[in-house]
Amino acid sequence: MNHSVDPEYSSVNQKSNKDFLSIDLLSDLSIDLLSQLKEGGFLSLKDVIIEGPLELSTRCGISMDDSNFIYNQTITFLEDIGVIDMRFTPATTLYDKRKRIGRISTGSQNFNKLLGGGIETNAITEVYGEFGTGKTQLCHTACVMVQLSYSQGGLDGGALYIDTENTFRPERIETISKARHQNPKQILDNIVVARAYSSSHQELILSESSRIIESQNIKLLIFDSAISLYRSEFLGLSSLSLRQQRLNKLIHSIMRIAQTHQIAVLLTNQVQSSPETGFANLSFKAAGGNIFAHSSTYRIYLRKSNRNRIARMVDSPNHPESETVFSIGESGITDPQKE
Ligand SMILES: Nc1ncnc2c1ncn2[C@@H]1O[C@H](COP(=O)(O)OP(=O)(O)O)[C@@H](O)[C@H]1O
Ligand SMILES: [Mg+2]
C-alpha cells in the first residue's frame, strides 16, 4: 500500500504553501490509520476540522471512536500552534485578536463604516436584496479590493468566486481594476471562478475549495448567490425540510471554512416577499428561512434609492441597526458623488 500523499498535491501544496498543515503532524496515530485518512482524502489537519468526525469516519472507513479521537487530537494540535482559539480563552485575548482581524474594503467609505471597517475575515457576511440592487457589483468589487495591500483596504490575497447565476464577468473586473489603477491582468490572475450548475455540484465545489484556498492564498470566498440553486431544485412544501437540511449543512461548512482558513465569506441572497406588512423597506425577507438568519454573522439588506443604493445592517452581534448610502459606478461600489 502506498502511504504517500498524491504527488501532485504534495509538490504544489506542501512545499510552496506555508499554511499547509499535513496530517502527518499528528504523531500519536499509527501508520495504518494515517494511511486510511489519506486514502479518504484527508491530507491536511484543516480538512479534519472542516469535515468533522462523522464525515471522517464515513469516508475513511474508521470507527466513530477513532474518528472522535483524531478530531480531538487535531483540535488540540491546532490550538497549540494558535490556528484556532484555545478552549478556554480570556476575553481580553479574544478582544486583542478581534482588533487585528482582517477587513476588506467594499470600495465605499460609507459601506465600510456600516461594517465597522469592511468585510470581516472569520465570518460570513450575507447581502440580500432585490435584483439590480448591487449584490453582484459588490462581489466583483470585493474581488479587486481583497488583492490590494493592507494599507489600501485589502488583504494581499486572492478571491474564490462561486457563481451560481452565470453573472461573473471578467470584463467588469477589468473596468473596476482600471478605474482603481490596478493591473487588470494581475487582478484576474488572482481570482478563481467556479461555476456551479446544481446544488450538489455547489457542495462538491465547496468540499474541494480548501485545496484552492491554501494553494492560491485565497482570502475571500464568494457565493453569488448562495441558495438560488436550492430554491430552484427543491420546490413545494413537501421538499422544504430536505432543502433546509441541505442548506443547514452548507452554511455550517461555509462557517467552518471561514474560521479554519481565517478568510472572509461574502454571500448574496435573494429576497422573498414577506406577508408581514410594516415599513415598505422591510416587506422583503431574505430567502432561506431561519437557517441563514441564524448562521450569517452579518446580514445586510440592499435597496434602490433613485440612482443610489441603501445598505442596511439588519443583523449583527456587534453593530446597531443602521443604514447608509452608496453608489455603483465605473469603479464598482463607491460613495455617492457629491452633487
Ligand atoms: N460598469 C458599470 N458602471 C456603472 N453601473 C453599473 C455597471 N455595471 C453594472 N452597473 C449597475 O449595477 C446594477 C446591477 O447590479 P447587480 O449587482 O448586478 O444587481 P444584483 O443585486 O441583481 O446582483 C445595475 O443598476 C447596473 O446599472
Ligand atoms: Mg446578481
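Does His181 count as buried or exposed, and how many C-beta neighbours does His181 have inside 10 Å? With 7 such neighbours inside 10 Å, His181 counts as exposed; a residue is exposed if 12 or fewer other C-beta atoms lie within 10 Å of its own, buried if 20 or more do, and partly exposed in between, with C-beta atoms placed from the backbone.

The structure is a predicted model, in which local features need pLDDT of at least 70, side-chain atom pairs count only at pLDDT 80 or more, and totals for chains, interfaces and linings use all residues. Residues are numbered from 1 along each chain as its sequence is written, while chains are lettered from A and ligands numbered from 1 in the order in which they are written.

The chain has 13 helices and 13 strands, these being DSSP runs numbered from the N terminus (helices: H or I, at least four residues; strands: E, at least two). Of its 339 residues, 37% count as buried. Among contacts with a separation of 6 or more, 64% are between residues 24 or more positions apart; two residues are in contact if their C-beta atoms, placed from the backbone, lie within 7 Å.

Most residues other than glycine have a negative phi, and most peptide bonds are trans. His181, in the loop between α8 (170-179) and α9 (184-189), has a positive phi near 60 degrees. Asn122, in the loop between β2 (119-120) and β3 (123-129), likewise has a positive phi, near 65 degrees. Asn122 is partly exposed, with 18 other C-beta atoms within 10 Å. A cis peptide bond, with omega about -5 degrees, joins Asp224 and Ser225, and Ser225 lies in the loop between β6 (218-224) and α11 (228-233).
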